[in-house]
Amino acid sequence: MVVTRTKVKQYNSTRKIVVCVDGVPVCITTSSKRAADIAAYLEGYDVEVADGKIKRQLDKVRGGHLNGSKSESRTCKIRG
C-alpha cells in the first residue's frame, strides 16, 4: 500500500491536498497537518481522526477493502 499526498490547485488559487492510496483518491483536505494525520492513520499509528465519516472510509481502506483486495501486504510508504 503506497500512500501519497498531492497538492492540487482549486478555483481562485486555493490549494487542496489529496491523499491517495495506490493511486486511488481517499480524501481531500485543506490542512497539511490533517493530511499527515490521515496518512499516519492509514499506516496504523494511533492518531485521532475527529471526522466520523472520514474515519469509516479510512477504516475500509486500512482493512484492505479497497478494490476488494484483502490479501495485500501491510507495508506503507509515504511520498510527499
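User: Leaving aside neighbours within four places in sequence, which residues is Val 26 in contact with?

Analyst: Before we start, this is a predicted model: local features need pLDDT of at least 70, side-chain atom pairs count only at pLDDT 80 or more, and totals for chains, interfaces and linings use all residues. Residues are numbered from 1 along each chain as its sequence is written, and side-chain values use heavy atoms, with hydrogens and water left out. You will find Val 26 in strand S3; strands (E, at least two residues) and helices (H or I, at least four) are DSSP runs, numbered from the N terminus. Counting heavy atoms within 4.5 Å as contact, and leaving aside neighbours within four places in sequence, Val 26 is in contact with Val 19, Cys 20, Val 21, Leu 58 and Val 61.

User: How far apart in space are Val 26 and Gln 57, C-alpha to C-alpha?

Analyst: Along the sequence, these two are 31 residues apart.

User: What pattern does the protein chain follow along the sequence?

Analyst: Start with the parts: the protein chain has two helices and four strands. Read in sequence order, they give β-β-β-α-α-β.

User: Is Cys 27 buried or exposed?

Analyst: Cys 27 also belongs to strand S3. Not counting residues up to four places away in sequence, Cys 27 touches Ile 17, Val 18, Val 19 and Ile 38. The cut-offs are under 20% relative accessible area for buried, over 50% for exposed and in between for partly exposed (1.4 Å probe, protein chains only). Because its relative accessibility is 10%, Cys 27 counts as buried.

User: Why are H1 and H2 described as oblique to each other?

Analyst: Two packed helices are described by the angle between their axes and the distance between the axes. Here axes are lines fitted to C-alpha atoms, for helices over the stretch in contact, and angles run from 0 to 180 degrees between N-to-C directions. Angles under 35 degrees count as roughly parallel, over 145 as roughly antiparallel, 65 to 115 as roughly perpendicular and the rest as oblique. H1 (residues 32-43) and H2 (residues 52-62) have axes 9 Å apart, and they are oblique because they pack at an angle of about 40°.

User: How many nonpolar, polar and charged residues are in the contact of H1 with H2?

Analyst: From H1, Ile 38, Tyr 41 and Leu 42 take part, and they meet Ile 54, Lys 55, Leu 58, Asp 59, Val 61 and Arg 62 in H2. To sort them, Ala, Val, Leu, Ile, Met, Phe, Trp, Tyr, Cys and Pro count as nonpolar, Asp, Glu, Lys and Arg as charged, and the others, Gly among them, as polar. By class, the contact has six nonpolar, no polar and three charged residues.

User: What is the relative accessibility of Val 49?

Analyst: Val 49 lies in the loop between H1 and H2. Leaving aside neighbours within four places in sequence, Val 49 is in contact with Tyr 41, Ile 54 and Lys 55. Val 49 counts as buried because its relative accessibility is 11%.

User: What is the relative accessible area of Gly 44?

Analyst: Gly 44 is in the loop between H1 and H2, and its C-alpha is 7.8 Å from that of Arg 62, 18 residues apart in sequence. Gly 44 is partly exposed, with a relative accessible area of 45%.

User: What is the phi of Asp 22?

Analyst: Asp 22 sits in the loop between strand S2 (15-21) and strand S3 (24-29), where Asp 22 is partly exposed, with a relative accessible area of 39%. Although Asp 22 is not a glycine, its phi is positive, at about 55°.
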